[in-house]
Amino acid sequence: MKIPVRYIINKIFLFIVVLFGAITLNFVLPRLIPGNPAETIYQDVVKASGGAVNPVYLKQLEAEYGLSHAPLYVQYLTYLSDLFHGNLGVSITYYPVPVSTILAQALPWTLFLVITSISISFFIGNRMGRYGGINRNTWKDLTVDIFSMFMASFPAFVMAFIILDIFAVNGKLFPLGGAYSSSINAGFTIPFIISVIYHAFLPVLTIVLTSLGGWTLGMRNNIIPNLNSDFINYSENLGMKSYQIKSIAYRNAILPNLTGFSMSIGLSMSGVIIEESIFSYPGVGMYMITAIDNLDYPLMQGIFLMVIIAVLVGNFIVDLLYGFLDPRIRQESG
Amino acid sequence: MSGNPVMKIRNLEVGYYSENGFNIIIHDLNLDVNEGRILGVAGESGSGKSTLAQAIYRSLKYPGEIRSGEIIFRGKDLLKMETQELRKMRAIDISFVPQAAMNALNPVKKILYQFYDVLIAHGKDPEENMERIRESVRMVRLDESILYNFPHELSGGMKQRTVIAMSLLLSPKLVILDEPTTGLDVLVEHDILKDIREIQRKTNITMIFITHDLSILYEMSDDIAMLYAGEIVEKGSHSQFLKNPMHPYTYLLTKSIPRIGVKRENIVKLKGNPTNYDPSNRGCQFITRCPYSESFCSESHPDLIESDEDDHLYRCMNFPAWRKKATI
């Protein structure tokens, strides 16, 4: 297979442009909020102490959080240069731990959770949709349809509570929280991996169950027109076997779902926030809730940036994959 | 003259379910397909040509349904066959070239692997049959390099040729071509038809060629069956149709072809619109448009009558009387 070089270069270029735009937005948005975090905290302290605070404290706060009154473009350049040095500022909640350290700790867990559960639900969902679509208008299809519509519209946090209640609180089959047992040392050992899987089981189950329906319905709706297409009719006319026909239809029907896959990686990054805090899973989401509670702007900004980058990278990977799977796309842009 | 029939269609009744019940499209159709010849099936839009093609190939899908009849191919009734048995016959014994060849190829697979799929489906090793694939591609006058292309990289004419090559890959005995040149420009169309004709002469395959284009019909066919409102109104050989048409419909259609040397005023225009088979009409189905109809035409339904010519059938009660009235 020829490697579509121009296609890949185009996609890399697009990736860089969009990333830059996103970084800029991430810089602009917090500055559109009236006031600044230092002021907010200062006002709280003033209120709490009845006004007996030295105004120098505000300057101190501003200095600590790296806030400045310099012109916007100077701030922007400082922000960019900090970003390239991996300096995302210092967390307010976990002062003086740098945001980058917190992210480095939390991000792997979130990525693990998101990628595992989205992959599982993508695989099962597509298979279910294929099953429903192929057996269209039978009770099999109806069962798949009703199940996926129910699941797709079920709120994820309610599902998380129900699952936690059944399996952890009452059933005591799974742990209530954490990413691994505190009695085991972290490292690539078999007991550790088992412990990680054991702890991740319920959060993954929740995400899989609630995101399954979307894939199933998408796949079912894609494969039905494909099964009636001219090329499927012709394949039947040539006497192809049923498995060949199904695989032709499936391959053509999965393309739109792949686009959805990349988007869902990003969406799930923000979606797991609530689930992580329900399952006390030490991922980005749990820190996000803490950051919001404590008006921890640097941490929030850092997490937003992570989510943005996750969405972009996900899109980028699927763009490349799409180029390989659908020859038409590869050529149009290359 | 009368050949050895490869396929015999008997009392075929096909229709579609609609809100008003079952609409009959093909009514009591009997047809013999002679071996080694091209049978052209022609008719206006809605006359049931494509429905007939799909019914013969048993690829008709709901809401279409074959009500009754027999299609005897090599001693077996196709309509009574199990789906698996039918699947194994396809592309090997009897093959189909579809109307919409533009979209008949899988868009995400290279042509070569689509040929492979056909071989795999019929339990043949693709690598061993590589020469066969090359041969069938050469047969439709395509370059072998197209095997390594995706369908979207080919022009419409090339796709059509590819589809023909694919349908003929396993050298079937009978091929049904359902308006195989729809959507192509006349030059490409002419080239492809010429090639089909040549392939037929070389391999002696029996073909059922379905078209609405009379000039193509006369160019391609050895035998012709003319459909009107789901019935065969006339069946005969190419020369019989041109020299001695026995049904007013055939006669008028032939006269409606513009020719060099014939003034435009003298070209016949067939009045009225094509109709579907009307079960409430006791008489001749063509009566609404027939300029030569008599009162007895509406009283009973004409049967397909054998003429004194060999293998020439017609469905008209007013023959040969109408011919005297036909002036042009």
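This is a predicted model: local features need pLDDT of at least 70, side-chain atom pairs count only at pLDDT 80 or more; totals for chains, interfaces and linings use all residues.
Start with one pair: Ile72(B) sits opposite Asp77(B), a residue of strand S5(B). Chain A is another story, with 13 helices and zero strands. Below is a quick tour of both chains, their contact and the core.

- Strands in a sheet pair up through backbone hydrogen bonds, and they can do so parallel or antiparallel.
- S1(B), residues 5-18, is joined to S2(B) by ten bridges and runs antiparallel to it. For a place to look, find Met7(B) across from Val33(B) in S2(B).
- S1(B) and S2(B) make a hairpin, with two residues between the strands.
- S1(B) is also linked to S4(B), through eight bridges and again antiparallel. Here Gly15(B) faces Glu65(B) of S4(B).
- S4(B), residues 64-73, pairs antiparallel with S5(B) over two bridges.

**A covered strand: S7(B)**

- Strand S7 of chain B spans residues 174-178, and five of its five residues are buried.
- In a regular strand, side chains alternate between the two faces of the sheet.
- In S7(B), Leu174(B), Ile176(B) and Asp178(B) point one way, while Val175(B) and Leu177(B) point the other way, and all are buried.
- S7(B) runs parallel to S6(B), residues 94-97, with four bridges joining them. Val97(B) is opposite Leu177(B) in that pairing.
- S7(B) also runs parallel to S8(B), residues 206-211, and five bridges join these two. Ile176(B) has Ile208(B) as its bridge partner in S8(B).

**Chain A at a glance**

- From the N terminus on, the elements of chain A run α-α-α-α-α-α-α-α-α-α-α-α-α.
- Its C-alpha atoms fill a box of roughly 85 × 55 × 40 Å along the principal axes.
- Of the 334 residues in chain A, 34% are buried.
- Among chain A contacts with a separation of 6 or more, 72% are between residues 24 or more positions apart.
- Phe13(A) belongs to helix H1 of chain A, residues 5-32. Is Phe13(A) buried or exposed? It counts as exposed, because it has 10 C-beta neighbours inside 10 Å and the cut-off for exposed is 12 or fewer.
- Phe13(A) and Met219(A) are 206 residues apart along the chain, and 31 Å separates their C-alpha atoms.

**H11(A) against H12(A)**

- Two packed helices are described by the angle between their axes and how far apart those axes are.
- H11(A) and H12(A), the latter residues 297-325, pack at about 145° with their axes 9 Å apart. Their crossing is left-handed.
- H11(A) brings Val284(A), Tyr287(A), Met288(A), Ala291(A) and Ile292(A) to the contact; H12(A) brings Leu299(A), Met300(A), Ile303(A) and Met306(A).
- That contact divides into nine nonpolar residues, no polar and no charged.
- Within H11(A), residues 284-293, the buried ones are Val284(A), Gly285(A), Met286(A), Tyr287(A), Met288(A) and Ala291(A).
- Leaving aside residues up to four places away in sequence, Ile303(A) touches Val284(A), Tyr287(A), Met288(A) and Ala291(A).
- Just past the end of H11(A), Leu295(A) has a positive phi of about 50°.

**The largest nonpolar core**

- The largest nonpolar core has 139 residues, and Tyr287(A), Ile303(A), Leu169(B), Ile208(B) and Met226(B) touch the most other members.
- What gives the most to this core? H10(A) does, with twelve residues.

**Where chain A meets chain B**

- Chain A puts 19 residues into the contact and chain B 22.
- On the chain A side, H9 (230-237), H10 (242-278) and H13 (327-333) are the elements that give two or more residues.
- H9(A) gives the most on that side, with six residues.
- The chain A side splits into seven nonpolar, six polar and six charged residues.

Notes. Residues are numbered from 1 along each chain as its sequence is written. Chains are lettered from A and ligands numbered from 1 in the order in which they are written. A residue is buried if 20 or more other C-beta atoms lie within 10 Å of its own, exposed if 12 or fewer, and partly exposed in between; C-beta atoms are placed from the backbone. Two strands pair if DSSP finds at least two bridges between them. Two residues are in contact if their C-beta atoms, placed from the backbone, lie within 7 Å. Ala, Val, Leu, Ile, Met, Phe, Trp, Tyr, Cys and Pro count as nonpolar, Asp, Glu, Lys and Arg as charged, and the others, Gly among them, as polar. A nonpolar core is a set of buried Ala, Val, Leu, Ile, Met, Phe, Trp, Tyr and Cys residues joined through C-beta atoms within 7 Å. Axes are lines fitted to C-alpha atoms, for helices over the stretch in contact, and angles run from 0 to 180 degrees between N-to-C directions. A crossing is left-handed if the near helix is turned anticlockwise from the far one by less than a right angle, and right-handed if clockwise.
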